[in-house]
Amino acid sequence: MSERVSTRQAQGDTETALHAPRRRVTSFVHQRNRFTDGQAHAWERLWPVYGIDVADVVSGAVAYDPPGWFGRRAPLVLEIGSGTGESTAAQAAAAPDTDHLAVEVFEPGLAQLLMRIEDAALTNLRLLRGDAVELLRERVPPGSLAAVRIFFPDPWPKRRHHKRRLVQPGFVALVASRLSPGGVLHLATDWVHYAFQMRAACAGEPL
């Protein structure tokens, strides 16, 4: 009797595991964040003004509303993995008629970008902390982005880690669906193998 029950329980556990949704493999890892004094001060003052958590947007606690965030309707560029934001701030400054969303998980990098926003008095840049793929999939409307930029994403050089690379066919299809007609997916990497993978993923996407 006990053996039958145990067998049934084991079968039930196996079926539950087989039918449970698989956890998505992410292209990033969360690291312990340590602010410098300047970054901590910038975060405290400026994050409430320029920053939004992706989790809040996805959950609906905060509406995905770029026109409301920027106070206007303008072409919208999404940058995934802005790092410390040097190029992000420079590109926003060079294109004042375009609005820019920078998505990053590394908080010290976001804090550094907040400092750049303040120093350059940028009004066309907002920061999002969290998973850009989740944001694209759950909240960014189809055909709404003028461009998506991904500069030097983690190359995950070991073969067994290639599945973690961000730019895969499924991801490219998702981005393509969110771009407006004539929109651009701009990719850059300094890893040759990843560059070929990026090219292949984009070449295989009908959009």
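The face of helix α5 turned away from the buried side of that helix carries Glu86 and Ala94, which are exposed, that is, over 50% in relative accessible area, whereas buried denotes under 20% and partly exposed the range in between, with a 1.4 Å probe and protein chains only. Helices (H or I, at least four residues) and strands (E, at least two) are DSSP runs numbered from the N terminus. The model is a predicted one, in which local features need pLDDT of at least 70 and side-chain atom pairs count only at pLDDT 80 or more, while totals for chains, interfaces and linings use all residues. Residues are numbered from 1 along each chain as its sequence is written, and side-chain values use heavy atoms, with hydrogens and water left out.

Within α5, which spans residues 86-94, the buried positions are Thr88, Ala89 and Ala92. Viewed down the axis of α5, these buried residues fall within an arc of 95 degrees and so line one face of the helix, the arc being that of the directions from the helix axis to the C-beta atoms. The buried residues of α5 pack against the strands β2 (76-80), β3 (99-104) and β4 (125-129) and against helix α6 (107-120), where contact means heavy atoms within 4.5 Å.

Helix α6 also meets helix α2 (residues 37-50), and the axes of the two come within 8 Å and cross at roughly 75 degrees; axes are lines fitted to C-alpha atoms, for helices over the stretch in contact, and angles run from 0 to 180 degrees between N-to-C directions. Helices α2 and α6 are therefore roughly perpendicular to each other, a term applied to angles of 65 to 115 degrees. The residues of this contact between α2 and α6 divide into eleven nonpolar, three polar and three charged, with Ala, Val, Leu, Ile, Met, Phe, Trp, Tyr, Cys and Pro counted as nonpolar, Asp, Glu, Lys and Arg as charged, and the others, Gly among them, as polar.

Trp43, located in α2, is buried, with a relative accessible area of 15%. Residues up to four places away in sequence not being counted, Trp43 touches Phe35, Pro48, Glu107, Leu110, Ala111, Leu114 and Arg129. The C-alpha atoms of Trp43 and Leu113, which lie 70 residues apart along the chain, are separated by 9.8 Å.

Over the protein chain as a whole, nine helices and six strands are assigned, and buried residues make up 41% of the 207 residues.

Note on methods
Parallel < 35°, antiparallel > 145°, perpendicular 65-115°, else oblique.
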